[in-house]
Amino acid sequence: MSAKIETAETALESCLSISELRCENWRSLVNDLAQLAAISPSDFNDATFERVLRNISTMSSMELYWAFPGALAFAGLREMIERRALTQAHVEARWINAMLAGKAYRHQSVSLEAEGDLPSRIETEEERQAQIRRPYFEALFVGEMLASEQETIRQRVKRKRGVGDPFVFDAVFVPSFEDALNATLLNADIQAVVIYDEFAFRSQTYHLNTLGCDLNQMDAVIKAAPEFGRAPLLGRKIAQIRPELGRYLVTGKRAEDIAARSGDTFHRAFCRYEDDEELYSSIMHGVAQRCKTPYFDALRDYSKRPVVAAHAPAAQRGKSLMNSDWVGDCWEFYGENLFRTETSATIGGLDDLFHPTGPLKLSQENAARAFGAMRTSFVTAGTSAANRIVLQALVGPDDMLLVDRNCHKSIHYGLMPAGARVHYLDPYPLNDYSIYGAVPVGKIKQQLLAFKRDGTLDRLRLLALTNCTFDGVAYNVERVTMECLAIAPHLTFLWDEAWFAFGYFHPVYRQRTAMGVAAKLSKMLQDPDYAARYEAFSTEFDAEAWNDDERVLNTKLLPDPSKARVRVYSTQSTHKTLTALRQGSMIHGWDQDFCKKTEETFQEAYMMHLTTSPNSTILALLDVGRKQAELEGYKLTDHATKLANTLRALIRRDPLLNKYYEVLDPSDLIPPEYRESNAQSYSDERTSWSNFETTWRTDEFALVPTHVTVSIGRTGMDGSTFRKLLMDKYDIQINKTTRNSVLFLITIGATHADIAHYCCVLREIALDVEHKVGDLSTTKRCIHDKRVNSLTLEQPSLPEGPDFHRAFRGLDSGVSIGTGDGDIRSAFYKIYDAANCEYLHFDEAKRAIAGGRTLTSARFVIPYPPGWPVLTPGQEISPETVEYLRAIGDCEIHGFRLEEGLQVLKE
């Protein structure tokens with residue numbers, strides 16, 4: 001393997017973008033050819049020429065996966081280099097590089113592979129703008145074809161382009177199963193895959209272990225499959241990697257026979273040489289379906305109508321602003337379209353949020369398809385409202401549920417109207433960074449067994465967990481769901497995925513999303529192979545084993561397919577990690593019993609927690625955000641992941657940055673007992689991609705790389721001070737901090753310039769600290785060192801989850817207290833009578849506890865961010881909780897005022 005090939009594979013292994021490596025190779029090639037073309041033959045530099053040859057060899061394997069410049073043009077460039085026509089090669093390479101850098105090739109109507117001179121770069125501005133307005137994509141053709149056949153197809157595609165077509169696409173050709181997987185992963189511009197029924201299995205040019213795909217094992221499957229089964233196997237594999245892609249079969253046999261056998265693997269099947277026109281139309285139609293934004297289009301059309309408002313709101317059509325002497329500046333700032341779309345009407349082409357029958361209904365159906373859900377509902381009041389809706393729809397008075405104590409406050413508040421009894425699950429603590437992780441599956445199983453022993457398992461309705469956490473810890477959703485259903489087959493799951501809306505659009509992340517797992521388990525539980533697997537498990541794991549708690553906790557349990565029901569809900573803040581306006585969220589559901597058990601209560605809860613005057617612009621942007629996610633979510637998510645790992649690597653490699661900052665890796669945020677892979681880092685150059693893929697496939701918890709937590713204790717500044725400095729001086733917005741860390745959240749909107757700016761700012765701050773510390777007197781240096789030690793070595797312990805006071809454990813109603821559940825609602829409503837409450841400052845609270853009094857919190861006490869409660873109404877206050885609240889200092893704490901102290905219930 002050449003040195004440059006090694007570089008290419010190292011880049012993939014380090015989770016760097018192959019597309020970016022490709023750009024770097026083209027730039028390097030142009031620079032080297034420029035040097036060689038400018039010197040005389042007597043000064044010819046053999047080392048530079050050898051570098052050019054290695055570069056072109058590497059590029060030959062990668063260029064297979066993109067439509068431009070195409071195989072023939074690239075072969076021509078390589079031939080020029082090999083015969084040392086370096087001036088001509090430099091001109092062509094420079095031109096190709098310019099076309100790639102500016103993406104102008106997407107709108108050129110002349111093929112680079114046509115005979116004659118290279119096409120002119122000059123177009124009229126009108127033509128250029130018209131072409132740019134039409135999005136470009138590429139279609140992957142998989143099959144063994146002659147170069148002439150490939151060129152015929154490509155030219156046929158280009159001839160079919162019409163000025164009225166909404167899109168432009170070009171063709172990519174690969175000859176093998178492995179190349180098809182590589183192209184699907186590496187080329188994010190691919191939107192459709194056309195699979196012919198004759199192709200090789202292994203690549204002849206580029207062998208990569210893509211996404212942990214065991215190609216050796218698949219080789220045996222391919223060889224054992226009948227000839228007509230090879231294409232469906234590839235189609236299913238591509239659907240696992242990128243389910244949004246259009247998949248089409250072209251066969252020389254009877255298309256109807258193969259299509260019948262392949263089920264829903266392909267969207268259409270065609271006969272070779274017969275249906276070229278329909279194939280082209282199907283590819284265009286498939287992309288067009290994903291491109292539709294019914295509600296956004298309806299709202300845009302509505303804004304153009306000459307509507308006269310005889311109804312609220314007053315700002316409708318903007319007339320209250322444009323004719324104002326005092327608020328015209330608001331009109332100028334926000335613009336016409338915002339107010340022309342402001343309406344409370346549900347007619348005239350629009351729709352009713354509570355009873356959608358038109359464009360909004362279609363938009364929500366499109367979102368369900370895009371996010372892999374059975375049904376999706378739009379929410380205009382954020383994921384806080386979404387959580388309350390799901391809770392109230394699924395649980396009622398005296399129902400019981402398990403909740404991660406570290407979950408967002410909206411879930412805790414949602415328990416009040418529901419009236420349900422809650423048992424809190426404690427996530428593992430990370431005291432060094434004042435961060436809570438996630439709840440181990442063993443702890444969840446242990447509590448389920450406690451309910452079972454107590455005879456209350458049938459009253460347990462719901463398990464609510466956060467996936468991923470604010471700090472990026474993601475659950476193994478499949479394992480949690482499987483093992484919980486094995487003990488409680490009726491259990492419903494709520495996954496708060498506020499920070500994980502992008503997850504479904506990347507093949508690594510998708511395997512830990514609620515909807516991705518729900519769909520997989522629904523199919524698996526109906527599979528005869530799984531039934532046989534469960535039968536073998538139940539024979540070995542008999543009734544005696546179920547009575548042995550230790551064995552149950554240490555065994556990966558399988559649910560009974562005849563009893564288990566897949567009932568999974570996901571709430572997502574679309575506005576946080578995808579394109580949407582603030583408060584734009586979605587509820588996704590995969591509930592096999594929705595119509596039978598939940599539809600009516602869901603509708604009532606939906607109407608209770610949302611307004612009858614929803615913001616139409618928020619709804620429209622949810623529609624647009626879905627479109628973007630479905631068409632380029634993979635590309636943007638992959639890019640954000642690589643930017644995040646670049647930031648990690650840059651901080652780690654820079655001696656100055658590494659002196660004052662520490663990037664927290666999986667080994668810092670996930671204890672070793674939950675990392676089966678033993679992977680330490682995502683920023684090691686040679687192992688990060690392997691670590692990333694392996695941890696997400698195997699470990700109980702994995703770290704979402706786009707959540708970059710940086711420990712800053714060595715600067716001597718706490719998180720609040722550091723955040724204020726970033727915002728006030730550098731205009732960098734940071735939300736999540738702890739006492740000694742800050743979180744950089746890398747979203748799909750992040751750029752290379754952002755990463756560079758973060759590093760420059762961190763360097764400037766580090767240099768400033770360095771200079772100030774160097775100038776300190778001995779006394780002040782001791783004070784500084786003491787502050788650093790306090791932030792790095794003397795972190796206050798995170799308080800353990802408090803118990804509910806006996807008064808709120810249901811003794812009077814005869815409910816068992818053995819499972820630790822409590823009644824938040826009864827405690828909460830005590831504060832409505834001021835005579836029930838009093839306030840105690842920290843020292844007073846500690847003296848009262850030391851004197852034997854049991855202090856009970858009267859309200860929620862929630863440090864923000866991250867927004868999880870240290871105390872809920874009805875919980876006992878411990879000395880450790882008091883010390884923790886004292887230690888976090890001037891952090892914003894909802895439900896607590898320093899001048900008043902803690903509000904507690906009187907004895």
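Reader: What makes D542, E544, D548 and E550 a patch of negative charge?

Author: D542, E544, D548 and E550 gather on the surface. Patches are made of residues with over 30% relative accessible area and no salt bridge, with like charges joined within 9 Å and nonpolar side chains (Val, Leu, Ile, Met, Phe, Trp, Tyr) within 5 Å. A salt bridge is a side-chain nitrogen of Lys or Arg within 4 Å of a carboxyl oxygen of Asp or Glu. Asp and Glu count as negative.

The model is predicted: local features need pLDDT of at least 70, side-chain atom pairs count only at pLDDT 80 or more, and totals for chains, interfaces and linings use all residues. Residues are numbered from 1 along each chain, and side-chain values use heavy atoms, without hydrogens and water.

Reader: Why is E550 called exposed?

Author: Exposed means over 50% relative accessible area, buried under 20%, and partly exposed in between (1.4 Å probe, protein chains only). E550 has 52%, so E550 counts as exposed. E550 is found in helix α26, residues 549–553; a helix is a DSSP run (H or I) of at least four residues, and a strand (E) of at least two.

Reader: Why is L233 called buried?

Author: The relative accessible area of L233 is 17%, so L233 is buried. L233 lies in helix α10, residues 230–241.

Reader: How many residues of the protein chain count as buried?

Author: Of the 907 residues, 56%.

Reader: How do you know whether the radius of gyration agrees with a compact globule?

Author: The rule, over C-alpha atoms, is 2.2 Å times the number of residues to the power 0.38. For 907 residues a compact globule would have a radius near 29 Å; the protein chain has 30 Å, so the value agrees.

Conventions:
Accessible areas come from the Shrake-Rupley method with a 1.4 Å probe; for residues, only the protein chains shown count as cover. The place of a charge is taken as NZ of Lys, CZ of Arg, CG of Asp or CD of Glu.
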